[in-house]
Amino acid sequence: MSFKAVGAAVVRALWLKGHGTPPLARSTRASALSTTCSVLTAREPGPEASRLSPEQSCGPGSDGPNGDVPSSGDPPQQLPWAGEGPPGARGRSSTAVPTRQASYLWARYNDTKRLVHDLIPPGACNLLNSSTIYANNEVDLSTVDIYGFDYDYTLALYSNALNGMIYNKAKGFLIEYFKYPKDIHKYDYIPNFTVRGLHYDIQKGLLMKIDAFHYIQPGTVYRGLSPVPDEEVLELFGGTYHVPLEQDSGFYGKGPKLKQFMDIFSIPEMTLLAAANDFFIRNGIDYDPVHLFKDVSEAIGMVHLKGFMYKWIMEDLDKFILRGDETDAVLHRLVSQGKKLFLITNSPFSFVDKGMRHMVGKDWRDFFDVVIVQADKPHFFTDCIKPFRRLDGNGDLQWEKITSLDKGQIYKQGNLFDFLRLTGWRGSRVLYFGDHLYSDLADLMLRHGWRTAAIVPELEPETKVVSTHRYALSLTWLQALTGLMERLQTHRDPESKRIFEEWQKEREELRAMTKNVFNPQFGSIFRTCHNPTYFSRRLSRFSDIYMASVSCLLNYDPSYTFYPRRTPLQHEAPLWMDQLCTGCMKTPHLEEMSQIR
């Protein structure tokens with residue numbers, strides 16, 4: 001059962017329990033009756049209650065009790081959440097003030113909590129599968145004749161051990177070549193300190209998470225290895241969490257003031273930036289964050305340019321390359337279906353050749369109609385200057401002019417415009433797979449109309465978290481509590497305000513819990529508290545489909561059509577958790593508005 005289905009079920013249950021009539025079939029009079037009042041009347045069938053008519057037991061509005069609402073003085077119901085529900089989701093006891101207003105608010109709270117708890121049975125989210133392919137746009141595989149691939153983190157997935165080695169080697173370069181203090185070597189690599197998609201303020205030396213609307217998520221700003229208090233963040237950014245567009249990271253994630261780290265290779269770079277900043281701050285050493293950023297970037301680049309990363313992987317392919325047999329199965333299947341394949345990678349031929357021999361076999365080039373190495377993406381997709389060069393079997397450059405791209409040959413550099421001219425592969429017939437949203441996918445989708453597929457390995461661990469009953473219950477109750485606060489916010493007397501402060505505190509605890517289960521510092525790569533992240537925004541913009549690995553293709557028929565889910569917009573059908581307790585009424589004074597109209 002999906003969250004969407006659960007939300008619809010909760011909404012329906014609330015309506016039927018309180019009114020017995022679905023929302024679209026109810027009269028104006030029925031719409032004014034309170035769910036909680038009806039429940040309270042049914043739950044207290046004593047003599048007093050039996051003498052009350054529905055009009056007497058519930059006031060003319062659904063936002064609160066009038067003078068005729070019975071108040072038994074009973075404390076809010078204690079619900080069995082301990083040990084099985086989300087932290088911070090409280091059952092209420094007699095500590096609440098037993099007044100008419102408090103009883104009403106707590107009754108609404110307890111009714112909502114009970115429905116959320118009852119309608120999410122254990123195993124409700126077990127249908128989530130990390131091998132699923134998710135669609136941002138409709139893609140019919142039967143119309144795709146040509147499949148293109150990046151190499152690193154697309155055809156070849158690497159173990160996390162590689163990140164630690166990149167970090168340590170770059171840290172050594174900072175000390176050896178850039179003459180940084182030797183004590184920096186004491187900072188060991190911290191696995192899972194950062195996540196992909198973060199922004200780095202180059203001038204302020206701050207690592208942060210930004211949402212799709214250019215707002216910094218509170219609690220996710222780090223200077224070095226320490227969080228920056230929200231009050232200081234506001235002061236640093238002129239009293240707001242918003243990052244203006246002109247300061248943002250630009251189309252390719254590289255702006256004058258901010259850089260967005262979008263590929264998986266950037267994980268050790270972000271960690272080294274945090275460690276180096278932390279060293280200077282803790283030792284009281286004056287430094288310029290701009291110089292530090294440039295030095296760390298160059299040190300990380302040296303690991304790649306000097307060939308250390310390639311050397312480590314080639315020396316121990318079994319240790320670093322993961323799931324190579326699945327890559328082999330994908331290529332065999334596509335070729336057996338008559339599909340054309342091509343490879344465009346920035347990596348050198350010797351490195352790609354050894355990795356592909358390990359995964360697929362010595363005849364791996366027979367699978368591909370075109371192979372291009374050291375392509376220099378994203379410039380490969382935008383420039384039309386560099387010509388193709390052919391390499392011989394030893395990887396040495398040849399000198400003839402390239403007039404065709406032939407199967408079995410290896411080509412270096414080149415550009416997409418010559419590629420399109422020589423192959424004729426255009427438009428939605430082509431589906432290209434890559435892990436970097438900017439360097440691999442953006443130009444292909446926006447400028448050339450290719451279909452694009454993003455490889456997002458983080459889907460696998462994040463799906464496991466989302467699939468747990470505890471997370472589902474916590475998230476659903478968080479959304480329900482938020483909707484309850486939205487609906488009942490018209491209660492502004494001092495007593496109600498105190499209750500709302502308590503609810504707000506619980507809401508903040510739930511938001512922290514649903515963030516920390518992914519990553520204690522920065523949370524999920526896909527969401528801030530409630531908005532999609534900047535990474536998610538780019539993912540939905542630049543990829544038609546996305547998946548944890550190319551092996552996910554093995555789960556689908558070659559003529560399968562991927563359909564994107566029609567997720568409700570804010571003004572559309574209320575099927576989400578934040579509306580489950582609002583009675584399908586997002587506007588507090590909906591009844592009055594309908595009468596005016």
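## Packing of H9 and H10

Helix axes are lines fitted to C-alpha atoms over the stretch in contact, and the angles between their N-to-C directions run from 0 to 180 degrees. In this predicted model, helix H9, spanning residues 266-282, packs against helix H10, spanning residues 289-305, at an angle of about 140°. The two axes lie 10 Å apart. H9 and H10 are therefore oblique to each other, and their crossing is right-handed.

On the H9 side, the contact is formed by Pro-268, Glu-269, Leu-272, Leu-273, Ala-276, Asn-277 and Phe-280. These residues meet Leu-292, Phe-293, Val-296, Ser-297 and Ile-300 of H10. By class, the contact of H9 with H10 comprises nine nonpolar, two polar and one charged residues.

## Packing of H10 and H11

H10 also packs against helix H11 (residues 308-315); the axes of this pair come within 4 Å and cross at roughly 45°. H10 is therefore oblique to H11.

Met-302, Val-303 and His-304 of H10 meet Phe-308, Met-309, Tyr-310 and Trp-312 of H11. The contact of H10 with H11 contains six nonpolar residues, one polar residue and no charged residues.

Gln-521 is located in the loop that lies between helix H20 (494-516) and helix H21 (534-542). Because its relative accessibility is 16%, Gln-521 counts as buried, the cut-off being under 20%.

The side chain of Gln-521 reaches the backbone oxygen of Phe-193 at 3.0 Å. With neighbours within four places in sequence left aside, Gln-521 is in contact with Asn-192, Phe-193, Gly-219, Thr-220, Tyr-222 and Lys-515.

Definitions and conventions:
Residues are numbered from 1 along each chain as its sequence is written. This is a predicted model: local features need pLDDT of at least 70, side-chain atom pairs count only at pLDDT 80 or more; totals for chains, interfaces and linings use all residues. Side-chain values use heavy atoms; hydrogens and water are left out. Helices (H or I, at least four residues) and strands (E, at least two) are DSSP runs, numbered from the N terminus. Angles under 35 degrees count as roughly parallel, over 145 as roughly antiparallel, 65 to 115 as roughly perpendicular and the rest as oblique. A crossing is left-handed if the near helix is turned anticlockwise from the far one by less than a right angle, and right-handed if clockwise. Contact means heavy atoms within 4.5 Å. Ala, Val, Leu, Ile, Met, Phe, Trp, Tyr, Cys and Pro count as nonpolar, Asp, Glu, Lys and Arg as charged, and the others, Gly among them, as polar. Buried means under 20% relative accessible area, exposed over 50%, partly exposed in between (1.4 Å probe, protein chains only). A polar contact is a pair of N or O atoms within 3.5 Å; within protein, one must be able to donate a hydrogen and the other to accept it, and residues adjacent in sequence count only if both atoms are side-chain atoms.
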